[in-house]
Amino acid sequence: MELTTFFYCFDHLGVAVFAISGTLLAFRKSLDGVGAIVLATVTAVGGGTTRDLILGLPVFWVYDTYYLLTILVAVALTIIWLRYKAYINERTLLIADAVGVAFFTVMGALKAADAGFSPLICIVMGTMTACFGGMLRDVLAQERPMILKGELYATACIIGGAVFILLVPYSQPVAIIVGGLTTLLIRLGAIRWHWSLVVFRDHDGTR
Amino acid sequence: MELTTFFYCFDHLGVAVFAISGTLLAFRKSLDGVGAIVLATVTAVGGGTTRDLILGLPVFWVYDTYYLLTILVAVALTIIWLRYKAYINERTLLIADAVGVAFFTVMGALKAADAGFSPLICIVMGTMTACFGGMLRDVLAQERPMILKGELYATACIIGGAVFILLVPYSQPVAIIVGGLTTLLIRLGAIRWHWSLVVFRDHDGTR
Amino acid sequence: MELTTFFYCFDHLGVAVFAISGTLLAFRKSLDGVGAIVLATVTAVGGGTTRDLILGLPVFWVYDTYYLLTILVAVALTIIWLRYKAYINERTLLIADAVGVAFFTVMGALKAADAGFSPLICIVMGTMTACFGGMLRDVLAQERPMILKGELYATACIIGGAVFILLVPYSQPVAIIVGGLTTLLIRLGAIRWHWSLVVFRDHDGTR
């Protein structure tokens, strides 16, 4: 029971962090208030919604409207904060996104594992939960999707998800924390030092 | 029975208007005939499909193929009309879209209410039904999504949906007409006078 | 039994070909290795996933993880091949895409027909299975979607799907082969000779 509450708060934290990242991008794009809410909501629930639809589970935010409330509060606080600070650093957005990605990787994999899916599907679902919200955010805002920019975006999710799956038979809380930290540290390191997983030789595009 | 028929026609009208808006954009983008059908179909059924998937209901156009017929007829008539008129006004597209948005806001909220969902979810579903088709249309056509352009796009849906939810316990037809007109008038006013809900201070982008 | 195995291999071939087309685009866009896997996966499973969700069927790759394995192998082989060849022709990508489209049109229509849906819905589902993966690929990579470029993209699917539906009561294998070849030849001819289905008169955009 206590543990369930802990996971639940964790899930809301992930939603809030992604809502913040959506609001920050809305600020950079000079959207209006409702535009910010739309972009924040799509970012925060896009990944989990896709996961639930593909697994055939009820979509999480439809039956628990506290998630939408969390998004509204996160958007409102971010807007207030941005009024006192006339600019944001590109990096602020990247870090908010990285924290959200770490939360959602483990919570996505956990939900699939709880529903009894195979380890490979759990890792795919963790990655999808973590990546699809941000992907929708970037596509809507006509930005190049972060997930395709290199810097180990999906890589961090896949490795963190695998760590989670390896540890979860022993202890759920440990698996969540170690899996999440693995994702976060790989992604932050990749942002800081521009790590990438180059596989194609240099070339000058098509033709 | 008679009332159900009325709602059903209303729903087809919304589909037709969105199909027209997709065809108009296809014209502006110089797509070919099947490209126009694809864009019109995505616009017309995108919102309702997303709504039905998220609510776990059967997708409306799969079991009633008259919707696809309505789209084909709307596309054909629009193409014929466009052959007699060598250009379209930017505003024509905005108004067609606004009428579709008004129809779909109330029909989306009505479907969710009929299925017994909470008022908040009904408003979200009205907004999603109204906004997702046009969002997909704009993303596919590589246009900036109208929903993020300000001018009270989602705002009009949220307010119209709330009006609908407040009135629906008294009379469904009144709720549909007043809710739809609320959405339409807010959106048309916003297009005409460039209303917006500014929340961010002026800034020059990132950095 | 033997026939089912044949269809199953056919389905995996379609997935592999679309995974190759995603990897080729990843190469042109200079993505990293995991970016290539993401783009290849979205291209290969995007259409079938949308089809299964809309028809209310279990999503095919969740319960048969060999599909994901097929994608990984196809991506790996394509990357190795690209290391020995410093450039790719625009046409290589178009042809890989056309082959995938032909496979998926018939397999999508077949799955809908097997589940008992009406002929019109089967044709729509064949077209959607064939077109949505490539559409997601192009949207994510910020390319103009091939489906909107003319050259009979969706047209080839609709005609091939109709041929399949007409022949399937007589013989499934014949329907699959003739339907698939119809789609492939129309699309290849359209690419080669720039066929298009022009319906709009010349105009200079909006206004």
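Mentor: Start with residues 91–110 of chain A. This span is 100% helix and 0% strand, and its end C-alpha atoms lie 29 Å apart. Keep in mind that the model is predicted.

Trainee: What does UniProt call residues 91–110 of chain A?
Mentor: An unreviewed UniProt entry places a "transmembrane region" there.

Trainee: What is the helix content of residues 66–84 of chain A?
Mentor: The span is 95% helix and 0% strand. Its end C-alpha atoms are 28 Å apart.

Trainee: Which residues of chain A carry the domain annotation "Glycine transporter"?
Mentor: Residues 9–81 and 95–167 of chain A, according to an unreviewed UniProt entry. Residues 9–81 are 81% helix and 0% strand, with end C-alpha atoms 23 Å apart. Residues 95–167 are 78% helix and 0% strand, with end C-alpha atoms 26 Å apart.

Trainee: Why is the pair A:Arg137 and A:Asp97 called a salt bridge?
Mentor: Set the distance against the cut-off. The closest N and O atoms of A:Arg137 and A:Asp97 are 2.9 Å apart. The rule asks for a side-chain nitrogen of Lys or Arg within 4 Å of a carboxyl oxygen of Asp or Glu, so the pair qualifies.

Trainee: What does the pair of A:Arg137 and A:Asp97 tie together?
Mentor: A:Arg137 lies in helix 5 of chain A and A:Asp97 in helix 4 (residues 90–114), so the pair joins parts 40 residues apart in sequence. Over all chains, the structure holds 18 salt bridges.

Trainee: How many salt bridges run between chain A and chain B?
Mentor: The count is zero.

Trainee: What makes chain A and chain B partners, then?
Mentor: Look at contact and buried area. The contact takes 36 residues from chain A and 34 residues from chain B. Contact means heavy atoms within 4.5 Å, so these residues meet that cut-off. About 2,800 Å² is buried between the two chains, and carbon and sulfur atoms give 69% of it.

Trainee: Which helices supply the side of chain A that touches chain B?
Mentor: Helix 1 (2–28), helix 2 (33–55), helix 3 (66–83) and helix 5 (119–140) of chain A each supply at least two residues. Helix 2 of chain A gives the most, with eight residues. By class, this side of chain A has 22 nonpolar, eight polar and six charged residues.

Trainee: How do you know what axis relates chain A to chain B?
Mentor: A rotation of 120 degrees superposes chain A on chain B, with 0.0 Å of shift along the axis and an RMSD of 0.0 Å. That is the relation of a three-fold axis. The copies use different surfaces: 8% of the contact residues of chain A recur in chain B.

Conventions. Residues numbered from 1 in each chain as written. Chains lettered and ligands numbered in written order. Predicted model: local features only at pLDDT ≥ 70, side-chain atom pairs only at ≥ 80, totals over all residues. Heavy atoms only, no water. Least-squares fit on C-alpha atoms with pLDDT ≥ 70 in both. Buried area = accessible area lost by both parts, 1.4 Å probe. Helix = DSSP H or I, 4+ residues; strand = E, 2+ residues; numbered from the N terminus. Nonpolar A, V, L, I, M, F, W, Y, C, P; charged D, E, K, R; others polar. UniProt positions renumbered as here; feature names shortened; annotations may be inferred.
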